[in-house]
Amino acid sequence: MIIVVPGVTTQSVRAPQPVSLIDVAPTIAALVGLNPPPGWQGHSMLDGTARTVRSFADHGATLLALRTGDKKVLVDEESNSVRVFDLSRDPAEQHDVAARFPELARDGRTDLEGWVARQRRQVRR
């Protein structure tokens with residue numbers, strides 16, 4: 001993603017951390033000198049802070065994903081399965097390493113289930 005704000009951006013800045021679409025609005029707010037409202041879930045991409053990124057895909061089966069550091073946890077809600085990938089060694093996500101990281105698989109599932117519940121509450125407001 002490239003964001004250019006005439007009169008504000010004078011040099012290229014690369015965000016080294018994983019980010020999500022919910023980080024776009026807080027990033028734009030930071031670029032123009034505004035503080036995001038407390039209800040916004042995202043963070044400015046410009047702060048460089050490492051964080052957990054959550055997402056979902058609905059391509060027939062609902063997949064939930066959590067990315068933290070170089071690990072990615074995928075939860076398939078239909079099959080009730082959890083897979084873990086070490087992206088530093090397996091960027092194509094071909095080798096499930098959940099058996100090597102059972103705590104991450106368990107905690108990732110718990111985190112994602114909580115995240116989904118929070119998102120559903122937000123939508124119902």
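1. A pocket, as used in this note, is an open set of grid points with protein on both sides within 12 Å along at least five of seven lines. With that in mind, please note that this is a predicted model. Its largest pocket has a volume of about 680 Å³.

2. Who sits around that space? The lining of the largest pocket is made up of 28 residues, and those nearest the centre are Ser20, Ile22, Arg54, Ser55 and Trp115. By type, the lining holds 10 nonpolar, 10 polar and 8 charged residues.

3. Strands β1 (53-59) and β2 (61-68) and helix α2 (102-124) each provide at least two residues of the lining of the largest pocket. Helix α2 gives the most, with 6 residues.

4. Now for the second largest pocket, which has about 530 Å³ of space. Its lining counts 18 residues, with Met1, Ile3, Val13, Arg14 and Leu46 closest to the centre. This lining splits into 11 nonpolar, 6 polar and 1 charged.

5. Is valine 73 buried or exposed? Valine 73 counts as buried because its relative accessible area is 1%, and the cut-off for buried is under 20%.

6. Around valine 73, leaving aside residues up to four places away in sequence, the contacts include Leu64, Ala65, Leu66, Val82, Arg83, Val84, Leu104, Gly108 and Leu112. Arginine 54 lies 19 residues from valine 73 along the chain, and their C-alpha atoms are 9.4 Å apart. Arg54 is also among the residues nearest the centre of the largest pocket.

Key: Residues are numbered from 1 along each chain as its sequence is written. This is a predicted model: local features need pLDDT of at least 70, side-chain atom pairs count only at pLDDT 80 or more; totals for chains, interfaces and linings use all residues. Side-chain values use heavy atoms; hydrogens and water are left out. On a 1 Å grid over the protein atoms alone, a cavity is a set of points where a 1.4 Å probe fits but cannot get out, and a pocket is an open set with protein on both sides within 12 Å along at least five of seven lines; lining residues have an atom within 4 Å of a point. Grid points are joined across faces, edges and corners, and a volume is the space filled by probe spheres set on the points. Helices (H or I, at least four residues) and strands (E, at least two) are DSSP runs, numbered from the N terminus. Ala, Val, Leu, Ile, Met, Phe, Trp, Tyr, Cys and Pro count as nonpolar, Asp, Glu, Lys and Arg as charged, and the others, Gly among them, as polar. Buried means under 20% relative accessible area, exposed over 50%, partly exposed in between (1.4 Å probe, protein chains only). Contact means heavy atoms within 4.5 Å.
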